Amino acid sequence: MCGFAGYFSKSELNSYNSEEILLKMGLVIKHRGSDDSGIWYKKNSKIGFTHRRLAVQDLSSAGHQPMISCSGRYVIAYNGEIYNHKLLRERVEKYTDTKIHWKGGSDTETLLACIENFGVEDTLKSIVGMFAFSLWDCEDASLILARDRFGEKPLYYGMQNNTLLFGSDLKSLKQHPSFQGEINRNSIALLMRYGYIPAPSSIYVGIKKLLPGSFIKFDSGASLESFKQYWSFSNIVNDSNSNIRGHSQSYEKSVEKLEIVLGDAVERQMIADVPVGAFLSGGIDSSTIVALAQSRRVDPIKTFTIGFDKESYNEARHAKKVARHIGAEHTEMYVTPEDAIDVIQQIPNIYTEPFADPSQIPTFIVSQMTKKHVTVGLSGDAGDEIFSGYNRYVLTEKYWNKMEKTPYFLRLIMSKGIENFSPNQINKMILATQGLFSVKHQQVNIGEKLHKVSIALKAKTSDDLYLSMISRWQNPEDLVLGVGQQDTVVENLTYPEEDNIIHKMMATDMVTYLPDDILCKVDRASMFAGLESRAPFLDDKVVEFAWSLPFEYKIKNGVGKSILRDVLYKHIPKSLVDRPKMGFGVPISDWLRGPLKGWASDLLDENRLNKEGFFNAKLIQEKWLEHQHGIHNWQYQLWPVLMFQLWLENEK
């Protein structure tokens with residue numbers, strides 16, 4: 001696992017020292033690879049690469065990058081892991097007439113050999129793994145940038161002052177003299193809605209994120225020559241719709257096959273020349289990965305989790321029971337508000353563009369802890385997206401058809417009726433009646449839940465419903481100054497007709513929320529800690545198999561991830577993992593009224609906001625005061641504002 005950066009100018013560079021600039025671009029991403037570093041450029045050339053290496057496969061100097069191909073035609077700077085690289089080596093050896101003299105055992109050397117023999121597109125289609133790379137073709141003086149299918153590894157690029165800048169981290173691009181750094185207000189609005197900035201946008205004007213499953217080519221003049229999707233998730237959806245309609249395998253046989261397919265993926269991703277462990281929250285996804293990993297090794301797998309004193313956020317005790325049952329070597333750490341405050345101050349350096357998923361805090365803390373024991377950590381990421389695990393899927397499946405049949409004007413009246421009372425007022429009314437019900441049927445924070453229902457009641461279509469569920473600010477154009485109505489991820493995506501609304505929501509999450517929130521969060525947090533994170537659920541064969549399953553194999557009797565649960569129950573008693581979904585969150589709401597109050601108050605100061613000129617300061621103050629007085633829990637609306645403000649402060 002590594003990081004890289006570089007430049008490609010429209011004209012020869014004589015105005016500054018290329019070596020000095022490349023060293024600076026590499027030094028700021030040292031956290032992505034502390035084992036080795038390298039630069040490559042030609043004197044007075046238009047092109048230059050810098051690279052930082054975290055050695056995971058072939059720890060010798062034979063894996064040094066940037067790496068030049070055997071023929072000398074290609075130069076590559078690459079970040080990632082190719083899990084099938086040994087099979088690809090065998091393919092290359094069978095394809096060529098001359099014997100290949102490998103310098104070492106790195107997947108980088110394998111990647112270059114495949115490109116030389118099969119071309120870029122064919123190689124990309126054959127790779128099983130996570131990656132991003134920059135490739136210079138010395139023969140036709142062109143540059144190719146490529147990214148893996150699901151967007152596990154980052155890649156930014158953009159033209160700045162007639163120079164194309166690219167790399168794993170915006171920090172590197174900022175070191176180049178051509179970087180401009182104009183803030184994109186439209187991206188701020190996107191951040192306020194989603195809590196992240198979806199690809200292809202970035203926080204800066206003119207800088208983009210390369211879309212997953214694609215590669216882009218720039219000609220000898222550093223001008224865009226072509227953009228191509230070598231892999232598209234919509235094709236998986238298309239093929240799967242046909243497979244689902246003709247699916248004949250029983251549920252029991254499908255459980256058996258899933259155990260094998262997922263187990264094989266876990267085994268592939270445990271291959272490394274360094275110690276491997278796993279994150280374990282005690283939930284369905286991470287527990288399944290850990291159980292399958294342990295079933296395919298003799299020695300105990302090392303597992304890691306963090307906990308909180310606030311019980312509604314604490315999964316550590318569940319994780320410990322799971323670890324004990326499978327015989328893992330378990331490590332846990334309990335997080336205090338002070339630990340969180342220390343991490344919050346580092347967030348602008350960890351993410352380098354505003355990012356507002358509150359679980360970024362525990363993700364970094366658990367990555368730091370894990371790195372003390374291993375170099376690679378398996379995660380349960382993507383289990384929710386491919387097996388229908390999010391609460392919004394289950395709730396939509398349960399209520400949308402009923403809600404859609406209710407006349408719209410009646411839904412508006414119901415919504416208005418709920419909104420006439422604050423969540424705090426509703427909670428007080430409910431509290432007065434709780435004594436009439438058994439403990440089992442008593443509800444917690446019903447006011448917040450009803451206010452979410454009031455938003456859902458206004459949805460005219462399933463797309464409206466989905467958007468309301470994933471939006472932090474329902475109308476960010478009212479909040480961010482200088483922007484108009486924004487296109488949404490729902491409007492910008494086109495998919496074949498789905499067999500049901502839930503699969504459409506899952507498909508949308510797979511190409512938006514998963515790469516731009518979940519995978520971004522894990523990559524930046526783990527790499528800042530010097531840890532490589534791997535996601536077995538994103539193995540090609542696992543995704544394709546999961547998507548081929550009938551919907552009723554995923555949600556049964558109102559419970560998500562049914563088939564995955566039944567795989568897990570073969571290894572772990574149901575009683576250890578069968579409980580309501582918690583997520584990997586932190587008690588931000590309470591902390592904003594307690595230990596984080598002073599910090600947040602300074603960032604949200606009305607005079608400060610007015611002076612900076614990005615936000616409607618009055619609207620933010622209203623939310624802040626309501627949150628402080630317990631009238632409404634606005635943590636999900638306030639956190640994106642705070643993360644932008646913190647990032648902006650770091651920019652000055």
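## Report on a predicted single-chain model

In this predicted model, P66 sits in the loop that runs between β3 (47-53) and β4 (67-68). The peptide bond joining Q65 and P66 is cis, with omega about -5 degrees. A cis bond also leads from A199 to P200, where omega is near 10 degrees. P200 belongs to the loop between α6 (185-194) and β10 (208-209).

**Overall fold and confidence**

The chain contains 30 helices and 17 strands. Its C-alpha trace spans about 80 × 60 × 45 Å along the principal axes. For 652 residues, a compact globule would have a radius of gyration near 26 Å, and the chain agrees with this at 25 Å. Of the 652 residues, 59% are buried. Where contacts link residues at least 6 apart in sequence, 74% of them join residues at least 24 apart. The chain carries 75 positive and 79 negative charges, and the mean positions of the two sets are 3 Å apart.

Mean pLDDT for the chain is 90, and 93% of the residues reach 70 or more. In residues 437-442 the pLDDT is below 50, and this stretch has two contacts in the model beyond near neighbours in sequence.

**Residues in loops**

N162 lies between β8 (156-160) and β9 (163-167), while S388 lies between α14 (383-387) and α15 (391-405). N162 is exposed, because its relative accessibility of 52% is over the 50% cut-off. S388, at 0%, is buried, because buried means under 20%.

S106 occupies the loop between α2 (85-95) and α3 (107-118). Leaving aside residues up to four places away in sequence, S106 touches Q57, D58, A62, G63, M67, H85 and R89. P550 is placed in the loop between α23 (540-548) and α24 (562-568). S248 is 302 residues from P550 along the chain, yet their C-alpha atoms are separated by 9.8 Å.

| Residue | Relative accessibility | Class |
|---|---|---|
| S106 | 2% | buried |
| N162 | 52% | exposed |
| S388 | 0% | buried |
| P550 | 7% | buried |

Definitions and conventions
Residues numbered from 1 in each chain as written. Predicted model: local features only at pLDDT ≥ 70, side-chain atom pairs only at ≥ 80, totals over all residues. Heavy atoms only, no water. Helix = DSSP H or I, 4+ residues; strand = E, 2+ residues; numbered from the N terminus. Rg over C-alpha atoms; globule rule 2.2 N^0.38 Å. Buried < 20%, exposed > 50% of the residue type's maximum accessible area, 1.4 Å probe, protein only. Contact = heavy atoms within 4.5 Å. Lys, Arg positive; Asp, Glu negative; His and termini not counted. Charge placed at Lys NZ, Arg CZ, Asp CG, Glu CD. pLDDT = per-residue confidence, 0-100.
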